[in-house]
Amino acid sequence: MWTRISAAAVPAVERFEWFTDIIADSLMPTALSSERSADFQAAAAVLDLGTAQVSSFDYSRVRSRRTPALIRRGDPEQYHLALLTRGRMWMSQCRSDAELSPGDMILWDTSHPFEADCRPGDGTLNALVVQLPRTALPLRSGRADRLLGRRIAADSGMAAVLAGFLTSLGAHGSECGPQELRRLGGVVTDLAAACLAQHVDTYAELPAETRARALRERIDAFIDHNLADPALTPGLIAAAHGISVRGLHLLFRDEPQSVAATVRRRRLERCRTDLARPELAGRPVHDIAGRWGFANAPAFSRAFRAAYAISPAEFRRTAARAVPLRTA
């Protein structure tokens, strides 16, 4: 469950000091300054995943410095990998510096000094930060340090998969129980390791288990991105990832559904969502089915009824009346 706090509950004159304490407690002691301390805005949320922790921060413009003295005062000995989702940011560590825009990521080490300037523009900046003990990353010593203070684009490869996973955690992490959150902590660690290893050309050095779990998440993202393609079959998915169909099925062997069943379920979920959208009420059911890869309308209707115990047309009428639907 996300633990959320907001400066809105703090008197205005105390908000910047409150935020400084939050950063020190949840991340590390850091010297902060702001031109907007008198009307400072901030909110924070933390999701404990066991080995890893993910934090979400919204705040007004802040400059930050972590000095050797502050490191001596407190050092969690962690890597922090941040995904910027709103605003702009500059950061410097270990003789590297980077300008970040929304969709970019950056890595820093709490044991080294750094400087940063966060510039939200209108409103507040938002960043999702993964906190990992350095010993938790299955990378050889010093490998990740090559990326400290450098911009990591999250628009392709494992960085894009990790960014999508973090965004999904922000939306749905509160729905997960303790056991699920611990499993997700392992997934975050594997994806972070795969992302960093890919950027320093050491992906092959990762343990086989880490590479397998990262590949599983990459395949999940590929399926979601290509649901509208009627040709999305296990063969196509396997070929796109350079593995055999048998290897693909082995990756799914511990899952409750096969690869084909997973594709069908996610397509049905997208169709159900669209059938409930008032702005799509005039679009024929078969058009919505085709939009999500169902080329055969009768087969879609049978699959929908089998999954939800109601026909697509009946579901649309039920959704229009805002009557709760029972899932079979």
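Select Leu-169 to start. Its contacts (heavy atoms within 4.5 Å) include Trp-2, Leu-47, Leu-49, Val-54, Leu-184 and Val-188, leaving out residues up to four places away in sequence.

Before going on, note that this is a predicted model, where local features need pLDDT of at least 70, side-chain atom pairs count only at pLDDT 80 or more, and totals for chains, interfaces and linings use all residues. Residues are numbered from 1 along each chain as its sequence is written, and side-chain values use heavy atoms, with hydrogens and water left out.

**The cores**

Together with Leu-169, they touch the most other members of the largest nonpolar core, which has 43 residues. A nonpolar core is a set of buried Ala, Val, Leu, Ile, Met, Phe, Trp, Tyr and Cys residues joined through side-chain atoms within 4.5 Å. Buried means under 20% relative accessible area (1.4 Å probe, protein chains only).

Color α4 (178-199) next. α4 gives this core its largest share, 11 residues. Another core lies apart, with 30 residues, among them Trp-18, Tyr-59, Ala-82 and Leu-100.

**The strands**

Helices (H or I, at least four residues) and strands (E, at least two) are DSSP runs, numbered from the N terminus. Two strands pair if DSSP finds at least two bridges between them.

Select β1 (residues 3-6) and β3 (residues 42-49). They run antiparallel, joined by 4 bridges. Find Ser-6 opposite Ala-43.

Then show β4 (residues 52-59), which is antiparallel to β3 and joined to β3 by 8 bridges. Leu-49 faces Ala-52 across the pair.

Finish at Gly-50. This residue takes a positive phi near 85° in the hairpin of β3 and β4, which has 2 residues between the strands.

How values were computed. Buried means under 20% relative accessible area, exposed over 50%, partly exposed in between (1.4 Å probe, protein chains only).
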